[in-house]
Amino acid sequence: MNKLNILVVEDDAPVRNLITTTLKAHDYKYLTAPNGENAIMLASTNNPNVILLDLGLPDMDGVEVIKKVRTWSNMPIIVISARSEDQDKIEALDSGADDYLTKPFSVEELLARLRVVARRLAALQSDTNNANSSLFTNGNLRIDFAAGCAYLGDEEMHLTPIEYKLLCLMAKNVGKVLTHTYITSQVWGSSWDNDVASLRVFMATLRKKLESAPDSPQYIQTHVGVGYRMMKQE
Ligand code: CA
C-alpha cells in the first residue's frame, strides 16, 4: 500500500517537529502549515491523504479549517488539541473530523491513529470500487443493506429495528468517531439527553449480539463523553 501523504497543521514548532520527526522515521510523506489559511491552501493544492490538525491556530479556529475542507473533500482529518475539554473535540467531530488526539500524546498513539486512518482509506477505496454493492463486510460481520439483514459469520443476527439502524450507521462510517449527538440525530431524528441515555442502552444490547466479549469490544469502541466508533478489522 502507498504510504500516506500527511498535511501537518500546527503553529507550535516543538510539537510540529516531534510529529514530522516521527513521520519521517516511519517513511510517511508530509507537508506542514503553521496556520489555518496556509492549511486550507495546501489542502486544496497538494491533495494530501490525511490532515493532522491543531485546533488552536493563530489566525482561526481549527474547526473553521474542517468546515472549509469539508466543502470539497472527505479526506480524513485527525484533530490535535491541547484542550482536554470534550466539547472542543465534539464540535470538531460534528464539523466533520474523523478522530482526535489530546496533547500531550505519545508517538505510539499518533502512529496508531494513522494506522486506523489508513484502514479507513482502504475501506473507502474498496467502497468506490464496488460503488453499487449493497454489501458491507468487516471481519465476521456482514450487512446486506438491500435485504436489511446482518450476519455474524454464517449466523443471521436477530436485531431490533433500532439496533439494526445503529449498526448500519456505525458500519457506513467505519473508522470514524461518531458523537452521541450525531448518532441520536441520525437514529431518532432528535438529540435530547434522554436519547443519549437510550443510546447507551441500545448500544449495550447491540454489543451483546455483536461482540464475542462485550467487555473488550472488537467492533465498537467507546469514546467516553464523546461517542462511538466502529473499528475496521485487520
Ligand atoms: Ca496551537
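This is a predicted model: local features need pLDDT of at least 70, side-chain atom pairs count only at pLDDT 80 or more; totals for chains, interfaces and linings use all residues.

Visitor: Which strands pair with β1, and in what sense?

Guide: Pairing is read from the bridges between two strands. Here β1 and β2 are parallel, with five bridges between them; N5, for example, has K29 of β2 as its bridge partner. β1 also runs parallel to β3, joined to that strand by four bridges, and L7 is partnered there with I51.

Visitor: What handedness does the unit of β1, helix α1 and β2 have?

Guide: Handedness is judged along the path from one strand over the helix to the next. With helix α1 (residues 13-25) between them, β1 and β2 form a right-handed β-α-β unit.

Visitor: Are the faces of β1 buried or exposed?

Guide: Five of the five residues of β1 are buried. On one side these are N5, L7 and V9, and on the other I6 and V8, so that both faces count as covered, buried meaning under 20% relative accessible area.

Visitor: Which residues of the largest nonpolar core touch the most other members?

Guide: That core has 26 residues, and the ones with the most such contacts are L7, V9, I51 and L53. At least two residues each come from β1 (5-9), β2 (29-33), α2 (36-46), β3 (50-54), α3 (62-69), β4 (77-81) and α4 (86-94). Beyond its neighbours within four places in sequence, L53 contacts V9, G62, V65, I66, I77, I78, V79 and I80.

Visitor: What lies apart from this core?

Guide: Another core, of 25 residues, including F136, L141, I183 and L210.

Notes
Residues are numbered from 1 along each chain as its sequence is written. Side-chain values use heavy atoms; hydrogens and water are left out. A nonpolar core is a set of buried Ala, Val, Leu, Ile, Met, Phe, Trp, Tyr and Cys residues joined through side-chain atoms within 4.5 Å. Buried means under 20% relative accessible area, exposed over 50%, partly exposed in between (1.4 Å probe, protein chains only). Contact means heavy atoms within 4.5 Å.
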